[in-house]
Structure formats: C-alpha cells, structure tokens
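Open the model in your viewer and keep the selection tool ready. We will go from stop to stop, and each stop tells you what to select.

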Amino acid sequence: MTIMKKLSTAAAAASVAALAFAAPAYAKNFKIAVGDSGGSSQEATGLGFVKALEELSGGKHTATLFLNGQLGSEQDTVNDAAIGTLDMSLLAINNITPFSPSVGVFTLPYVILSLEDAETLTQGPIGQELTENTINDAGVRIIAWTYTGFRRLTNSKKPVTSVADLEGLVIRVPKNEIMIDTYKAWGISPTPMAWSETFAGLQTKVVDGQDNPYTTINAMKFYEVQKYVTNIRYIFSIEPLIISESVFQELSAEDQNIVLEAGKAATAASAQFLRDKEAEIKQILLDKGMQIDDPENGEQEFIDLATAAVWPKFYESIGGVDKLNAVLAAIGRDPVSE
Ligand code: MLT
C-alpha cells in the first residue's frame, strides 16, 4: 500500500470513527424520572411514550423510566429538568404548581369533575396556554398528560364520611398551598411532605393519612399501611410528562416533532389505562382489606367549604378570576364572580 493510500485509508477510518462518536448526540436515550412505582398511571404514560418514541423515530431514540422516585422527589425533578441535568419527569401537577402558579387552576378543588373534563381542558387552548406558562416560569415543557383519577382520602385510624370526622387526623399533603388550604377549609391543618417520603411517613405513623387516586394507592401499596378510604373527589389528578426546555431546544425540528407526537400517544395510553383499569383496581383495594366509604350527602359540605374558602384566595396566582371562568366555560359550567 502506498503512503498516499495508507493516509486516505487512515483518514476514512478517522472520519468513520468521528461519525460513530458523534452519533450518540443524535440518538437519544431520554432519562425519565417517575414519581410512582410500576403499575401506576404514570408508568402507563411513560411506557406509552417509550413505545411511540421508538416507533416514530424508527428505533433511533428511546427512553428509560426510573420509577418510584429513584431520581429524587417530584418537586426536585422540576429543578433538575429546568437546569438540564435531567431530561424528563413524570409527576403530579400539584408538584409543578409551586414553580408555575397558573397551573394551579387544575388543582383548585372541585373544578375538574370527570376524566372528560380533564381531557377537554388539557388538550385544548387552556392546556396549551399552561404549557407555555411552564416553559416561561419553570424551564420545562409539558409534552403529555397522565389522567390518574380523583384523589381519594386514605387513613389508618377511622372511617371518614363527614368533614367533622377529619378532626384528630394528621393528613399528609404535597407542598402545595391550594391543597394545604383545602384541608384548612375542612378544619384541620395538614402536614406538607414530599411524595418520596410519604410511604415511610404513613408506615411510621408520623402521619395518619394522605390522598391520591385508586391507581396510585394500589401501585404504591398503601393498602399495607392504610385501612380506610373516603371517596372524595376534590381533585382530579393530572400528571404531566415534562421535558427540560433546554434539552428540547437541542433537538432537531424533526426530533422535536417526534417527541411531541410520542407525547400525544402517551396521553392517549394514559386515558385508556384509566378507563380500562380503575374499577378493577378499586376492587383490588377492597380485596386487600381496605374499607371504602362514600362521604355523606353527596360530599356537599366538603364542596361548599372548599370552594368558598379556596377559590377566591387563589384567583390572583392562577392569573385572575377570568382564568377560572375560562376553565369553567370550557367544561360547560357557570362562571363565578369575583
Ligand atoms: C403527590 O401526592 O405528591 C403526588 O400526587 C404523588 C404522585 O405523583 O402520584
């Protein structure tokens, strides 16, 4: 082999090596923090996303789920994604509200009254506006919505069917002002605690109870440390999949589109999971020995106390009473006046 041929072979090998080295920058394995364990609605959304991402990218991109808060508390993952040290996170919307207060409109008690309401709001112009707000406020972009169902109250001490029954119970809530004030409206002062610490808090009886949907109660095995469930429906739990905005902006336009389309598929997978599984999971909780009670009088006293005290207090942080009225109008409900 001549010197020239040797050099050009070496150059070709070097450029192939350079290409191989560059390839991983384009073929991503997104790291996704997931607050809940396997079997949860969050996992259903995550798996839906991974499947669609792999299909839409022809196998170029994938994503890995890190379940059960392995990558930190849900609120910490928002910070990590904001600074770009984490690609994505799947978490309850109440854990984004401290960073982007306008999304609190989805956490106001008794605003969202069904899965259909949740789908209408998240997939329409209001969901789009809140997505833009989280980019500007928190440096994260919502790319999919998990629909987890109504947050039900659980506790280890006694059946609760009225507001008066709450007396004496120490209830864990997320570090979320709207949820803290809702329990205050019901006459007790709840204990704010990170989600990642909640099972241990219930097990060691630092707290007596908490609220989360059936699918979450089951996935987190709360039936091992909680006996009583009250079917309140004060918040319909919505749990977005967020991507770090800086990570998103590093993607090509084509890859951004793939990620957004995979997000839509993940949202659909989540709605399907809830429709298919919620009744079955409620039965599992009964079979595990939980007692499920309905609140008295169709929950009216819970509704009246919470809406009267909490809604007006948060008009300003959600962007004004008009924002709440836009949400109510979108789901066919009457407006409120200031
Ligand atoms: C919370 O209670 O902090 C969240 O709803 C937990 C979750 O992500 O399921």
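Select Arg 172 and the ligand. An N or O atom in the side chain of Arg 172 is 2.7 Å from an oxygen atom of the ligand. That is a polar contact (a pair of N or O atoms within 3.5 Å; within protein, one must be able to donate a hydrogen and the other to accept it, and residues adjacent in sequence count only if both atoms are side-chain atoms). This is a predicted model, where local features need pLDDT of at least 70 and side-chain atom pairs count only at pLDDT 80 or more, while totals for chains, interfaces and linings use all residues. Residues are numbered from 1 along each chain as its sequence is written, and side-chain values use heavy atoms, with hydrogens and water left out.

A side-chain N or O atom of Glu 74 lies 2.4 Å from a ligand oxygen.

How much of the ligand's accessible area does the protein cover? The protein covers 100% of the 270 Å² that the ligand has on its own (Shrake-Rupley method, 1.4 Å probe).

Next stop: the sheets. Strands here are DSSP runs (E, at least two residues), numbered from the N terminus. Two strands pair if DSSP finds at least two bridges between them. Strands of a sheet pair through backbone hydrogen bonds, either parallel or antiparallel.

Select β2, β1, β3, β10 and β4. In that order they form an open sheet of five strands with mixed pairing. At the edges are β2 (62–66) and β4 (140–150), and each pairs on one side only. From one strand to the next, the twist averages 20°.

Zoom in on β3 (88–90) and β10 (236–244). They pair in the antiparallel sense over three bridges. Click Leu 90: its bridge partner in β10 is Leu 241.

Move to the other sheet. It is open, has four strands in the order β8-β5-β9-β11, and its pairing is mixed. β8 (209–212) and β11 (291–293) each have a single partner strand, so one side of each is left without a neighbour in the sheet. Here the twist averages 25° from one strand to the next.

Last, select β5 (152–155) with β8. Four bridges join these antiparallel strands. Arg 152 has Asn 212 as its bridge partner in β8.

Conventions: Axes are lines fitted to C-alpha atoms, for helices over the stretch in contact, and angles run from 0 to 180 degrees between N-to-C directions.
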